[in-house]
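Hi everyone, thanks for coming.

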Amino acid sequence: MPDDETQMLLARLQRLAEDLPGVETGTSYGTPALKVAGKLFLRIKDAQTLVLMAPMDEKERLIEMAPGIYYETDHYKGWPALLVRAAAIDDAELRHRMAEAWRFKAPAKLRKLT
């Protein structure tokens, strides 16, 4: 069972994803995650950190643009996923990034609904 901080973060993510078609709450690597059509687009790494799926060029751009929010560790180098400091990102920016991650992973039939 996730701790209270993680539960609050998950509730925030679920609220921000409400209007994205086909979003399911599940788990990935034993932590809460949001998926579309069974594909991971966002997961909670820990109560302070999110793992957001993003194309490599977008990942590099975001890290360069806002290193206080977005970063990567050696583990994520070369993978289309970046780390997000949950407390450093406001809801509007997080909602936008979640929608982009959703589009990156959603099948075409669901993308047409937005």
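I'll go through the sheet, then the helices, then the salt bridges.

Before that, a word on where this comes from: it's a predicted model, where local features need pLDDT of at least 70 and side-chain atom pairs count only at pLDDT 80 or more, while totals for chains, interfaces and linings use all residues. Residues are numbered from 1 along each chain as its sequence is written, and side-chain values use heavy atoms, with hydrogens and water left out.

Okay, the sheet. Strands pair if DSSP finds at least two bridges between them. Here we have six strands in an open sheet, ordered E1-E2-E3-E4-E6-E5, with antiparallel pairing. At the edges sit E1 (23–28) and E5 (70–71), each pairing on one side only. As background, strands of a sheet pair through backbone hydrogen bonds, either parallel or antiparallel.

Let's zoom in on one pair. E4, residues 49–53, runs antiparallel to E6, residues 81–85, and five bridges link them. Which residue of E6 is the bridge partner of Leu52? That's Leu82.

Also in E4 is Thr49. Thr49 is buried, at 7% relative accessible area; buried means under 20%, exposed over 50%, and partly exposed in between, using a 1.4 Å probe and protein chains only. Skipping neighbours within four places in sequence, Thr49 is in contact (heavy atoms within 4.5 Å) with Arg43, Ile44, Tyr71, Leu83 and Val84.

Now the helices. H1, residues 4–16, lies across E1, E2 (31–36), E3 (39–46) and E4, at about 150 degrees to E3. Those angles run from 0 to 180 degrees between N-to-C directions, with axes as lines fitted to C-alpha atoms, for helices over the stretch in contact. H2, residues 56–65, lies across E5 and E6, at about 30 degrees to E6.

Then there's H3, residues 91–105. From first C-alpha to last, its 15 residues reach 21 Å, close to the 21 Å expected at 1.5 Å a residue; that expected span is 1.5 Å times one less than the number of residues. Its buried residues are Leu94, Arg97, Met98, Ala99, Ala101 and Trp102. Asp90 caps the N-terminal end of H3, with a side-chain oxygen 3.2 Å from the backbone nitrogen of Ala92.

Keep Arg97 in mind for the last part. How many salt bridges does a search of the whole structure find? Nine, counting a side-chain nitrogen of Lys or Arg within 4 Å of a carboxyl oxygen of Asp or Glu. One of them joins Glu58 to Arg97, with the closest N and O atoms 3.2 Å apart. Glu58 is in H2 and Arg97 in H3, so this pair ties together parts that are 39 residues apart in sequence. Both Glu58 and Arg97 are buried.

Arg97 also meets Glu93 in a salt bridge, at 3.0 Å from N to O. These two are four residues apart in H3, about one helical turn. Glu93 is partly exposed, at 22% relative accessible area. Put together, salt bridges with shared partners join Glu58, Arg61, Glu93 and Arg97 into one network.

One more pair: Glu72 and Lys77 form a salt bridge, closest N and O atoms 3.5 Å apart. Glu72 is partly exposed at 27% relative accessibility, and Lys77 is partly exposed too, at 47%.

That's my tour, thanks!

Methods
A polar contact is a pair of N or O atoms within 3.5 Å; within protein, one must be able to donate a hydrogen and the other to accept it, and residues adjacent in sequence count only if both atoms are side-chain atoms.
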